[in-house]
Amino acid sequence: MNPTISRRSLIGGGTMLAASALLSDSASSFAAPAQPSSAPIRLGIASYTFRKFDQAHLIAFMKQLNCTLLNLKDVHLPMTPTDQVATRAAEYRAAGLTLTAAGTIYFDKDDDNDIRAKFDYVKAAGIPMIVGSPTRQVLPRVEKFVKEYDIKLAIHNHGPEDKQWPSPLDILAVVDKMDKRIGCCIDVGHTMRAGVDPVTAIKKVGPRLYDMHIKDLAEGNVKESQVAVGDGILPIPGIFRALVDIGYKGNVDLEYEINAEDPMPGVIKSFAYMRGVIAGMGH
């Protein structure tokens with residue numbers, strides 16, 4: 001699969017005019033300038049978006065998007081063999097990428113060895129945060145490793161099907177009294193499907209918000225209705241304003257879960273819309 005997206009395939013894929021206006025004759029220059037590290041909204045990618053592609057394609061896609069912030073899923077940085085983790089992580093950095101988080105990583109075994117292996121993996125990769133999904137039973141044990149390794153844990157909510165963490169408010173109720181390095185990764189789509197307004201969730205979670213996965217839905221309670229960001233009903237401008245209001249310092253990682261075999265048209269469209277919203281905010 002060729003990661004280079006042609007003008008014809010981009011427009012044919014239904015990308016909005018704002019995205020096509022970003023195109024030039026050079027395939028590597030169609031994206032807007034990357035958001036500087038000081039920008040109030042820092043756009044990144046959850047690599048699960050490109051789960052059907054290998055490391056080389058992922059790096060090429062990131063360059064085409066002019067995006068440097070990457071939340072790596074283990075499909076792109078395998079946990080084993082352990083002696084190759086640091087080398088593989090270094091290859092992403094050599095390509096100009098910043099590894100902001102690893103995950104989602106699941107902690108469903110109440111076992112020190114299982115948990116330690118996953119923290120050793122993240123430490124070897126030099127990644128400062130785990131986007132994770134521990135069970136409620138296992139979370140107190142995971143907290144010990146958060147303290148030992150000094151690695152943040154941002155717990156990801158997965159909507160009404162998730163019996164542990166349907167919404168960020170369920171996470172906050174449990175972690176509020178735990179180590180300050182444990183907080184939330186708000187997935188705004190799953191949050192809406194859980195019946196919680198994402199803007200309200202952001203404001204309530206406040207300083208315990210460490211990461212965000214962004215997507216859009218055509219129907220607020222239907223998981224399968226995901227669309228490119230800006231084509232759905234999520235209040236993206238309101239979400240971004242809420243992040244600025246709480247002084248959010250983390251990243252907003254696009255997790256585009258549909259069209260896995262050909263995600264770039266939707267990803268480009270999503271980035272064009274989000275960058276337009278940020279520009280409209282005066283940033």
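## Core packing and aromatic contacts

Beyond its neighbours within four places in sequence, F240 is in contact with I41, L43, I214, V252, M274, V277, I278 and M281. The model is predicted.

F240 belongs to the largest nonpolar core, which has 76 residues. F240 is also among the residues with the most contacts inside this core, together with I45, F119, M212, I239 and L243. Helix α11 (residues 264–280) supplies the largest share of the core, 7 residues. Another core, of 6 residues, lies apart from it and includes A101, M129, V131 and C185. In soluble globular proteins, nonpolar side chains tend to be buried together.

Next, a helix pair. The axes of α9 and α10 are 9 Å apart and meet at an angle of about 10°. Angles under 35 degrees count as roughly parallel, so α9 and α10 are roughly parallel to each other. The contact of α9 with α10 has 6 nonpolar, 1 polar and 1 charged residues.

| Helix | Range | Residues in the contact |
|---|---|---|
| α9 | residues 198–205 | P198, V199, I202, K203 |
| α10 | residues 236–245 | G238, I239, A242, L243 |

Now the rings. The count comes to 6 aromatic pairs. In one of them, F119 and Y149 have ring centres 5.5 Å apart and planes at 45°, so the pair is tilted. F119 lies in helix α5 (residues 112–125) and Y149 in helix α6 (residues 139–149), so this pair ties together parts 30 residues apart in sequence. F119 and Y149 are both buried. With F107 and F145, they form one aromatic cluster.

Definitions and conventions:
Residues are numbered from 1 along each chain as its sequence is written. This is a predicted model: local features need pLDDT of at least 70, side-chain atom pairs count only at pLDDT 80 or more; totals for chains, interfaces and linings use all residues. Side-chain values use heavy atoms; hydrogens and water are left out. Axes are lines fitted to C-alpha atoms, for helices over the stretch in contact, and angles run from 0 to 180 degrees between N-to-C directions. Helices (H or I, at least four residues) and strands (E, at least two) are DSSP runs, numbered from the N terminus. Angles under 35 degrees count as roughly parallel, over 145 as roughly antiparallel, 65 to 115 as roughly perpendicular and the rest as oblique. Contact means heavy atoms within 4.5 Å. Ala, Val, Leu, Ile, Met, Phe, Trp, Tyr, Cys and Pro count as nonpolar, Asp, Glu, Lys and Arg as charged, and the others, Gly among them, as polar. A nonpolar core is a set of buried Ala, Val, Leu, Ile, Met, Phe, Trp, Tyr and Cys residues joined through side-chain atoms within 4.5 Å. Buried means under 20% relative accessible area, exposed over 50%, partly exposed in between (1.4 Å probe, protein chains only). Rings of Phe, Tyr and Trp (its six-membered ring) pair if their centres lie within 6.5 Å; planes under 30 degrees apart count as stacked, over 60 as edge-to-face and the rest as tilted.
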